[in-house]
Each structure stands twice: as structure tokens, then as C-alpha cells.
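Visitor: Hi! Could you walk me through this structure in plain words?
Guide: Happy to. Here is what we will be looking at.

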Amino acid sequence: MLVFVARRVEAERVGLMAAVRDSDEADIEHFAGLPALHLARLGGTDARELLASAFHTPLDDSVRERIVTEACGNPLALLELPRSAQAAQLAGGFELPDVRGVPHRVADSFQRRSAGLPAETRLLLLLAATDPTGEVELLWRAAARLGIEPGAAAPAEAAGLFQIGTLVRFRHPLVRSAIYRAATPPDRRRAHAALAAATDPLLDPDRRAWHRAQAVQGTDEDAAAELEHSADRALARGGLAAAAAFLQQAVVLTPEPAARARRALEAAHAKHDAGASDVALELLGVADTGPLDALPRARLGLLRAQIAFHTRRGSDEPTMLLQAAKALAPLDAARARGLRAGVRGVLPRWSARRTGPRVAGGGRGCPRRPSAAHAPPAGGSAAGRTDPEVHARL
């Protein structure tokens, strides 16, 4: 219908523009003879510049290069991949592929192309999708452990699903997620187990620990402890998102309640620091159900108050922070003092947000003066305390 209209607007003062992928040869044939502008893929330098304009949070070099590689010069992918991913998910591959942002069109296309492929070819595709590094040698080592021959790649390459060159590249940057989520849980565990066995424990212990953990069904203290060590190494190199991912998975694998509560608390702190406060609150709920000593319990209350203060900006968040500081004071006096100082520093901004817009005629920068009807009641609950009263408690 679009082509039919395009060929019949020559006499009208109407402009019509359409876009189509070069790979969709059947669609391109319909536009033969019409003026066309062919857009090439972005080069590496332009791709990194566009990515930087779309995502302002600092990225690990490996994460940035993997996004550029998977986008294959596609400007839309470079813009949308960072926007659809939470900061905590940009963890250098130490997160599971996410299918939530995969359009039905991409998933359906994958299903059609893969339906007739041999079983070992589908398993090879799953291995490639499970490994975020794109390392060809690692893929073939893992494939050998599953009895997959090199010839298994040919049908997938002929179907246009991926290419194996210096790196493994998928046809579309979102196909990797669709492949992983379309697989059954037992096949995913097989893929992770093969990749763990094929990964050198000395050269890449963290990647090995991650794959080993994903291959576990149930709980496994040894695997959880390995993830905790990987989190320590990630924190030492400044990888907050990776450390948070390691600790979150360690919580899932920990069989003993006290150790699970301790790891959940550490994971919550890491997730909050990495910008995933919603996940941090969920992990605090896990930590809250386990046995905790006085100091970890006080730290739990403090983090919960900090998240509430930064996300809700209600009337009783300062009081929550002060109560957390009071509980922490006999256990960690230095941290409690720092907390009071922090509340004192941000309280003016918090008060300004509660006050709302300035009123005309009140002078530049003058806060709105509350009327008697809107003035907070004296005394009573924490929600009714005035800002001076909160200051006095600091």
C-alpha cells in the first residue's frame, strides 16, 4: 500500500519518506525505481560518540565496546540499548540477557529462522548468546564439551542469525536476548556449565564463577562463596554494577539463613550504590527475615531510611534517618556522626522541594509563607514536625 501511494503522488504537493532494511530484499524490490538514499553503518568512532551522547553514566571499557560491537553500527540500537538497560545491568556481562526490551517482531523473526535448524545448531546459538564476550575460541571450547561440531554453525550463518569471524556477532543486537530467553532452563544450565568448564580459572575467575553459579539448580555454598570473592575483586577495581550482580546471585545460592541475610545486606548496599534502589529494597526484605546481629540490623535500618529519603522525599524521612543514626551511634559512632552531618547538609534542599513553587511578589528566592490553615501542627507525629524541630534534633 505504501509503494502504491508513493508512485501516485508525483502530481501532488506531498512528500513521502519510507525506511526499509537492506536485508529485507523482498521489500526493497517493491521500491525499485524510486529515489533512494542508502545509509551506511556507523564507524567505530562515530558509534562511540553517539553512545556517549545517549548514556552519560561512566561505563567500563569492556561494557562500552560490547555495546558498540553488538549494535553493529546501528544508530537506533546505540540509542536504545543503554536507555532500556538499568545502570545496574551494565555490569560487564555479569547479568542475564534481558528480553523485556525485545520487540515481538525480533522474537518472531528469530523463531521463524531457527525453527528448522538442527538441534546442535540451536544449542550452539544458545552458547553464543550466553557468553557476552563474543570470544570465538571460548565458544568452540564450550561447544566441544557439548559434542557440537564446527559445522553446526553453517545453518545458523546461512539463516542470517549470526556470524563467526574475529568475534561472534548476531544479526540484530537484540537477538541474543531472544535466543537466551527462548531456551529451556535445563538447556541454559547446560550452556553455562560448558562455558564455566571452558573458562580459564586463572585468567578469568570471575567469568568462570558467574557461569558456574548460573549452572546450579538449587543452592550451593561453594558457588556462592566464589561469587562473593568475585564481588570483592569487582569492588577493588571500581565495578559497582558487577559486584552487585555477583552478590545478588550469591544470595540466591546461599543455603544457610544467617549467611544469606548477611550477603543480602551487602548486595542491597551494592545495588543501591549502583543505582538500583528498587532491587536494593527487595534484598533488604530478604536480609530482614534472617538472623542479624545488632550492627548489621542497624545498617539495614540506615540503608532503608537512606533509600526512602532519596526516593520519596516525604515528611518523615529525616526522622527515619535520625532514628537510624540513634540506633547506630553505640555501634558505629563515626558513621552515625557522618549520617547526622549528611542530613544536615541535604535538609535545606529537601525542605525546598517540600515547600513547592515560589509565590509572585514575595521577592526573588523568598519561600512561600504557609498560612495558618496549612501550617504543620506543633508536636504530634513525625509527619507534623517543622523543619526547625528537625534541625534542633541534629
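Predicted model: local features only at pLDDT ≥ 70, side-chain atom pairs only at ≥ 80, totals over all residues.

Visitor: Great. How many helices and strands are there in the chain?
Guide: The chain has 20 helices and two strands. Both are DSSP runs numbered from the N terminus, with helices being H or I and at least four residues, and strands being E and at least two.

Visitor: And what share of the residues is buried?
Guide: Of the 394 residues in the chain, 40% are buried. Buried means under 20% relative accessible area, exposed means over 50%, and partly exposed is in between (1.4 Å probe, protein chains only).

Visitor: Why is helix α10 described as largely enclosed?
Guide: Helix α10 covers residues 175-182, and six of its eight residues are buried, so the rest of the structure largely encloses it. The buried ones are V175, R176, S177, A178, I179 and Y180.

Visitor: New topic: how do α15 and α16 sit against each other?
Guide: Helix α15 (residues 257-273) and helix α16 (residues 277-289) have axes that come within 8 Å and cross at roughly 165 degrees. That makes α15 roughly antiparallel to α16. Axes here are lines fitted to C-alpha atoms, for helices over the stretch in contact, and angles run from 0 to 180 degrees between N-to-C directions. Angles over 145 degrees count as roughly antiparallel, under 35 as roughly parallel, 65 to 115 as roughly perpendicular, and the rest as oblique.

Visitor: Which residues of α15 and α16 meet?
Guide: From α15, R260, A261, A264, L265, A267, A268, K271 and H272 meet S277, V279, A280, L283, L284, V286 and A287 of α16. Contact means heavy atoms within 4.5 Å. The residues in this contact are eleven nonpolar, two polar and two charged. For that count, Ala, Val, Leu, Ile, Met, Phe, Trp, Tyr, Cys and Pro are nonpolar, Asp, Glu, Lys and Arg are charged, and the others, Gly among them, are polar.

Visitor: How many salt bridges does the structure hold?
Guide: There are twelve salt bridges. Each is a side-chain nitrogen of Lys or Arg within 4 Å of a carboxyl oxygen of Asp or Glu.

Visitor: What does E228 pair with?
Guide: E228 forms a salt bridge with R263, with the closest N and O atoms 3.0 Å apart. E228 lies in helix α13 and R263 in helix α15, so the pair ties together parts 35 residues apart in sequence. Both ends are buried: E228 has 17% relative accessibility, and R263 has 3%.

Visitor: What about D288 and R297?
Guide: Those two form a salt bridge as well, with the closest N and O atoms 2.4 Å apart. D288 is partly exposed at 34%, and R297 is partly exposed at 32%.

Visitor: One last thing: where is E226, and what does it touch?
Guide: E226 is in helix α13. Leaving out residues up to four places away in sequence, E226 touches R208, A209 and R212. The side chains of E226 and R208 meet in a salt bridge (3.9 Å, N to O). E226 is partly exposed, with a relative accessible area of 22%, and R208 is partly exposed at 28%.

Definitions and conventions:
Residues numbered from 1 in each chain as written. Heavy atoms only, no water.
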